[in-house]
Amino acid sequence: MREGTANIVRREDYLAPAYWIRTVDLTFDLDAAKTIVASKLFIERNLEQMEQPLRLHGEDLNLLRVLVDGQSVSFRHEDGMLVIDAPQQSAFTLEIRNTVAPEKNTQLSGLYASGSGLFTQCEAEGFRRITYFLDRPDVMAVYTVTLRGDKQKYPVLLSNGNLLEQGDLDNGRHFAKWHDPFRKPSYLFALVAADLVAREQRVRSRSGRDHLLQVFVKRGDLEKTEHAMNSLVASMIWDEHRFNLPLDLERFMIVAVDDFNMGAMENKGLNIFNTKYVLASAATATDADFDGIESVVGHEYFHNWTGNRITCQDWFQLSLKEGLTVFRDQEFSMDMAGSASARAVRRIGDVRSLRERQFPEDAGPMSHPVRPDAYQAIDNFYTATVYEKGSEVVRVIHTLVGQQGFAAGMALYFQRHDGFAVTCDDFAQAMADANPYSPLAHNLDVFKRWYSQAGTPRLTARGEYNAANATFTLYLSQHNPALPGQNDKLPQLLPVAVGLLARDGTALPLQLAGEDHAVGTDRVLVMTEAQHTFTFVNVQADCVPSLLRGFSAPVVLDDGLTDADLLVLMAHDTDAFNRWEAGQRLALNRIRAALNSDAPAALDDAFIEAMRAVLNDTRLDPAFKELALLLPSEVYVADQVTGIDPQRLHSVREAMVDQLATALHAEWEAAFAANQVRAGYKPDAVQSGQRALANLALTMLVRHASLTGDTVWPGRAYQRFKDASNMTDRLGALEALVNSHSELAQPALDRFHALFRHEALVLDKFFMLQGRAPEKDGRVFARIKQLMQHPDFTLTNPNRARSLLFALTAGNPAAFHRTDAAGYVFWADMVITLDTLNPQLASRFARALDRWTNLAEPYRSAAREAIARVSAKADLSSDTREIIDRALA
Ligand code: PHE
Ligand code: ZN
């Protein structure tokens with residue numbers, strides 16, 4: 001929708017609808033050029049609301065006729081809505097006939113064409129692009145849907161629920177009629193009409209019911225659906241086991257589509273997925289891709305309860321379903337990972353992504369609470385804050401009430417609200433009521449500040465050991481930074497998981513003053529105020545506090561620990577997350593120091609020896625070693641520093657990586673040799689950890705070769721690239737060559753392209769890999785611009801557009817932030833171009849300059865100029881307009 005004036009929706013303005021839609025009967029005559037939609041709605045006036053005209057949402061529709069109880073009525077269009085004067089009866093039937101043009105729908109919201117098929121995407125406000133409706137999540141109805149279309153073009157006709165009937169029609173057409181017995185909001189409606197094939201599996205749930213699971217893909221892709229199907233079955237078992245939530249449908253369908261704005265969509269009984277999260281084979285997908293499929297299949301499946309059975313009252317409550325469902329998929333993935341170490345590796349990955357995506361968001365112009373208060377375009381609020389921070393907030397509850405208490409809270413939540421559209425407050429209340437003696441129940445109002453306050457809390461900790469009294473006193477204080485529109489912020493509820501380590505690494509028993517005995521070596525302190533003091537008694541040795549174990553709250557921690565303290569944690573902490581974190585902190589301190597000095601960056605021996613010790617430690621899993629050996633990313637560091645110079649940061653970090661490549665050469669060789677997987681390919685935690693470490697080692701070895709001029713390791717990498725039996729190894733070897741700008745990179749890339757030119761998802765990798773290669777003398781940026789002209793590149797497929805554009809802006813700061821501003825000029829051009837095609841994609845891309853005020857000169861002024869140029873475009877979509885306005889505010 002294009003509109004000149006800002007149209008802001010506010011949470012405080014929420015009013016229940018003036019009408020309820022009880023049943024929906026839709027008939028589609030499907031055609032890519034022109035689809036006819038006939039809608040018959042049974043509507044009741046909401047007697048609790050003042051009598052008022054019926055106002056229906058509608059966007060890009062061509063209206064043919066409107067009947068109330070079979071009679072034509074007068075109607076008008078007002079503010080983009082269809083307005084019908086209040087019918088006399090309090091209950092009536094409304095019939096609407098309209099047409100839409102799927103093949104012209106490049107926004108991919110509503111009914112659109114992808115390849116030769118037709119697909120829908122209705123969340124958040126896409127249903128109004130199909131027909132006129134009360135397109136809001138608190139209006140829930142029972143749907144019956146008839147699809148009619150050409151049998152050859154569209155042999156498969158799907159919608160939500162159960163298939164009632166199907167059969168042939170005249171002129172080579174056929175039909176299918178579907179009925180969904182569950183009341184649902186319009187955003188969960190879906191239809192698919194396409195030439196697809198399905199992998200099918202019948203399963204019996206614990207309750208004894210039989211279900212049909214189907215994964216629909218294009219012909220030829222069937223053998224790439226095994227992992228998705230296995231993940232679906234595993235999700236089903238897990239949700240029944242962990243939360244007692246069984247599958248409530250006879251049939252559960254997943255459909256893969258090439259063109260999709262997001263990862264996937266949880267439409268009731270008919271999930272629609274980006275192909276990226278369905279298709280995988282050892283030859284075409286990496287270990288990370290396999291993990292992504294497992295977690296997204298889980299995520300969408302878990303929405304069937306958290307999202308669909310209980311949905312959101314309004315879009316401000318989005319995190320009610322998304323934060324909770326991300327939490328559930330993260331727990332699922334951790335349970336699937338197996339060992340404690342594999343769980344920690346998952347947790348580290350989740351926290352890394354929170355810090356790289358959500359922390360900067362919360363410090364920039366798009367900062368918003370987990371439950372936002374206002375928006376211009378709701379599509380802009382499918383954010384890391386609503387999803388990932390929302391999940392951390394659910395995890396805070398989990399930490400406060402424990403796994404059993406949490407399960408009890410979930411049970412009460414469903415007992416109270418099943419079948420309804422509710423709020424974040426309702427969820428927190430159910431959790432508190434199910435756990436009346438928990439710190440959550442005692443401090444529910446303090447807890448709920450997580451929903452209302454934006455920004456990342458800062459937690460400061462200082463410890464003091466008193467040998468004479470054998471006490472260790474911990475002073476904790478929190479600070480919640482002011483943000484525009486949020487000045488006087490109150491303390492939040494922070495669970496701080498702690499342990500104390502003696503300097504020899506022994507875990508000390510934890511006994512707080514006033515307690516008569518120690519309670520283990522690991523416990524949770526609860527902060528509800530700005531400052532707390534905790535005194536541990538009977539502490540027999542000086543110690544190092546290990547704080548915020550497992551990242552027990554989404555905060556920035558300043559614990560004041562010295563290098564010596566961090567080295568103790570890195571070597572001995574029983575909490576794997578904090579072992580990793582200690583190493584990252586040591587590295588961050590060094591990067592910071594180098595940024596503040598003009599001298600060439602150099603790592604000290606203590607740090608290098610600590611890294612060597614990690615690589616040599618036979619008790620550590622390869623997956624953990626790989627994470628520990630990676631220096632904090634440029635994206636993360638940039639968020640931790642004010643007035644960042646991305647070029648200086650890049651050269652500092654690159655110099656340090658070079659040093660690790662050189663100083664640990666022997667260890668890298670050993671790690672590469674020791675981590676060759678001989679068994680058949682399995683994307684499990686053990687094998688993928690070995691491959692990850694072998695790939696990192698190879699990258700380091702080829703990097704080292706590029707410094708010395710040696711040709712042995714580049715040659716080996718090329719050989720490995722050619723001979724690889726799976727995509728993880730092949731891509732790892734290719735990346736080692738590309739990232740070190742080896743002469744063998746181009747021949748390898750050519751070969752890679754030739755091998756996979758018919759595999760869309762692998763071509764995405766081909767572009768992405770080149771887009772995120774470490775910048776060197778502007779070559780990577782030049783290559784990206786060249787690749788825009790590649791015959792396989794297109795902006796109309798979101799995955800492909802992202803593969804190059806987002807690789808540059810989100811994954812390659814040094815290629816993007818240039819002293820000559822060429823990166824920003826390119827960005828502005830692309831935002832403007834994309835906005836005419838696909839506003840959701842454009843506004844996401846626009847966010848690449850969110851943090852422009854944190855840049856040093858000359859970047860800062862140049863970025864501002866580029867943003868201003870986009871802002872000067874009069875006809876931006878409301879999506880992009882909102883991002884640009886906020887950036888300049
Ligand atoms: N609700 C989807 C999910 O989180 C995401 C989505 C939002 C997809 C909007 C499409 C459009 O699973
Ligand atoms: Zn979701």
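# A guided tour, helix by helix

Start by selecting helix H21 (residues 760-771) together with helix H23 (residues 798-811): the two pack at an angle of about 15°, and their axes are 8 Å apart. Keep in mind as you look around that this model is predicted. With angles under 35 degrees counting as roughly parallel, H21 and H23 are therefore roughly parallel to each other. Their crossing is right-handed. To see where they touch, show the side chains of Asp764, Phe767, Met768 and Gly771 on H21. On H23, their partners are Asn799, Arg800, Ser803, Leu804, Ala807, Leu808 and Gly811. Sorted by class, this contact holds five nonpolar, four polar and two charged residues.

Now widen the selection to residues 563-889, which UniProt annotates, in an unreviewed entry, as "domain: Peptidase M1 alanyl aminopeptidase C-terminal". This span is 71% helix and 0% strand, with its end C-alpha atoms 40 Å apart.

Next, pick helix H12 (residues 605-616) and helix H13 (residues 622-629). Their packing angle is about 165°, and 9 Å separates their axes. Which way do they run relative to each other? That angle makes H12 roughly antiparallel to H13. Here the crossing is left-handed. Met611, Val614 and Leu615 of H12 make the contact with Lys625, Ala628 and Leu629 of H13. By class, these residues are five nonpolar, no polar and one charged.

While you are in this part of the chain, select Glu857 and Pro858. A cis peptide bond joins them, with omega about 5°. Pro858 sits in the loop between helix H26 (839-846) and helix H27 (859-871).

Move on to residues 455-558, where an unreviewed UniProt entry places "domain: Peptidase M1 alanyl aminopeptidase Ig-like fold". Colour this span by secondary structure and you will find 0% helix and 46% strand. The C-alpha atoms at its ends lie 16 Å apart.

From H3, the contact takes in Leu318, Ser319, Glu322, Gly323, Leu324, Val326, Phe327 and Gln330. H5 brings Val386, Tyr387, Glu388, Gly390, Ser391, Val393, Val394 and Arg395. That gives eight nonpolar, five polar and three charged residues.

What surrounds ligand 1? The shell consists of Gln121, Glu123, Ala124, Asn261, Met262, Ala264, Met265, Glu266, His299, Glu300, Glu322 and Tyr382. Strand S20 (264-265) and helix H2 (287-303) are the elements that give two or more residues to this shell. Its classes are five nonpolar, three polar and four charged.

Ala124 is in the loop between strand S11 (117-121) and strand S12 (140-150).

For the last stop, go to Asp79, in the loop between strand S7 (75-78) and strand S8 (81-84). Check its backbone: although Asp79 is not a glycine, it has a positive phi of about 50°.

Technical notes:
Residues are numbered from 1 along each chain as its sequence is written. Chains are lettered from A and ligands numbered from 1 in the order in which they are written. This is a predicted model: local features need pLDDT of at least 70, side-chain atom pairs count only at pLDDT 80 or more; totals for chains, interfaces and linings use all residues. Axes are lines fitted to C-alpha atoms, for helices over the stretch in contact, and angles run from 0 to 180 degrees between N-to-C directions. Helices (H or I, at least four residues) and strands (E, at least two) are DSSP runs, numbered from the N terminus. Angles under 35 degrees count as roughly parallel, over 145 as roughly antiparallel, 65 to 115 as roughly perpendicular and the rest as oblique. A crossing is left-handed if the near helix is turned anticlockwise from the far one by less than a right angle, and right-handed if clockwise. Two residues are in contact if their C-beta atoms, placed from the backbone, lie within 7 Å. Ala, Val, Leu, Ile, Met, Phe, Trp, Tyr, Cys and Pro count as nonpolar, Asp, Glu, Lys and Arg as charged, and the others, Gly among them, as polar. UniProt positions are given in the numbering used here, feature names are shortened, and annotations may be inferred rather than shown by experiment. A residue is near a molecule or strand if its C-beta atom, placed from the backbone, lies within 6 Å of it.
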